[in-house]
Amino acid sequence: MFPNLNQPAQRPRRSPYNSASRTTAAQIVTMFKHFKFRVFFLLTVGLLAGCGEVEDTRPGQPVKQRQMAFKEIVKSFEPMGVMLRKGTWDAEKFQRMADALATKRDAPWAHFGPDTDYPPSKSTPEVWKQPEQFEKDKKAFLASIDALLTAAQTKDKAQIEKAYDAVHDACKTCHKQFKER
Ligand code: HEC
């Protein structure tokens with residue numbers, strides 16, 4: 001009367017074809033779920049990547065152009081500060097870097113045309129509301145680079161440092177009012 005525990009439970013014999021077709025149906029459901037997940041995953045990744053970088057799609061890409069021009073400026077400007085603060089002082093090299101900076105100082109401004117305040121711009125609306133002040137800050141910046149070039153020729157580190165700090169102040173003064181942080 002007791003079931004024989006040593007005897008495996010009787011299973012109905014399945015046709016291999018039936019069994020295969022059941023598995024296939026289950027697999028299709030699983031594949032579909034995975035597919036949906038993958039589409040969702042890819043969309044999410046795409047959206048996240050898109051958040052950081054809004055593409056400038058306007059003809060001529062004025063916003064991208066001016067941002068690239070500022071990036072070029074900072075590429076010259078930053079190593080000069082590094083050299084002054086903690087690098088090996090090399091007056092000749094500094095002079096070459098100052099010359100390189102001077103060649104880049106005029107690049108951004110032509111790309112601040114009317115009606116170019118749109119994403120991905122980091123400019124404040126003030127650029128277009130206070131054009132005289134923007135122009136004034138720009139001129140002060142250009143003049144500060146003239147002074148830096150003059151100082152670089154003296155090869156006197158103390159004078160050069162002062163001139164470098166003045167350029168830095170000119171960047172900061174303009175950014176305070178005209179660049180979003
Ligand atoms: C007369 C104003 C002005 C001066 C001077 C100025 N900037 Fe800017 N800068 C801006 C504005 C406005 C933006 C925002 C541009 C935009 O995204 O539309 C900007 C953006 C930048 C950016 C960001 C670029 C990007 O890809 O988003 C960097 C870096 C930068 N400036 C560095 C500098 C440095 C370094 C100096 C000085 C050596 C300097 N700027 C001087 C106005 C100025």
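1. Helix 2 gives the most residues to the shell around the ligand, eight of them. Helices here are DSSP runs of H or I with at least four residues, and strands are E runs of at least two, numbered from the N terminus. The model is predicted: local features need pLDDT of at least 70 and side-chain atom pairs count only at pLDDT 80 or more, while totals for chains, interfaces and linings use all residues. Residues are numbered from 1 along each chain as its sequence is written.

2. There are 23 residues around the ligand, and Gln67, Phe70, Phe141, Cys171 and Cys174 come nearest (near: a C-beta atom, placed from the backbone, within 6 Å of the molecule). Two or more residues of the shell come from each of helix 2 (62-85), helix 5 (131-154) and helix 6 (157-178).

3. In the largest nonpolar core there are 15 residues, with Ala98, Leu148 and Val167 among those with the most contacts inside it. Such a core is a set of buried Ala, Val, Leu, Ile, Met, Phe, Trp, Tyr and Cys residues joined through C-beta atoms within 7 Å. Helix 2, helix 3 (91-104), helix 5 and helix 6 each give two or more residues to this core, and helix 6 gives the most, with five.

4. Valine 167 is in contact with Ser144, Ile145 and Leu148, leaving aside neighbours within four places in sequence (contact: C-beta atoms, placed from the backbone, within 7 Å).

5. The chain has six helices and zero strands. Of its 181 residues, 13% count as buried, meaning that 20 or more other C-beta atoms lie within 10 Å of the residue's own, with C-beta atoms placed from the backbone.

Methods: Buried ≥ 20, exposed ≤ 12 C-beta atoms within 10 Å, placed from the backbone. Contact = placed C-beta atoms within 7 Å.
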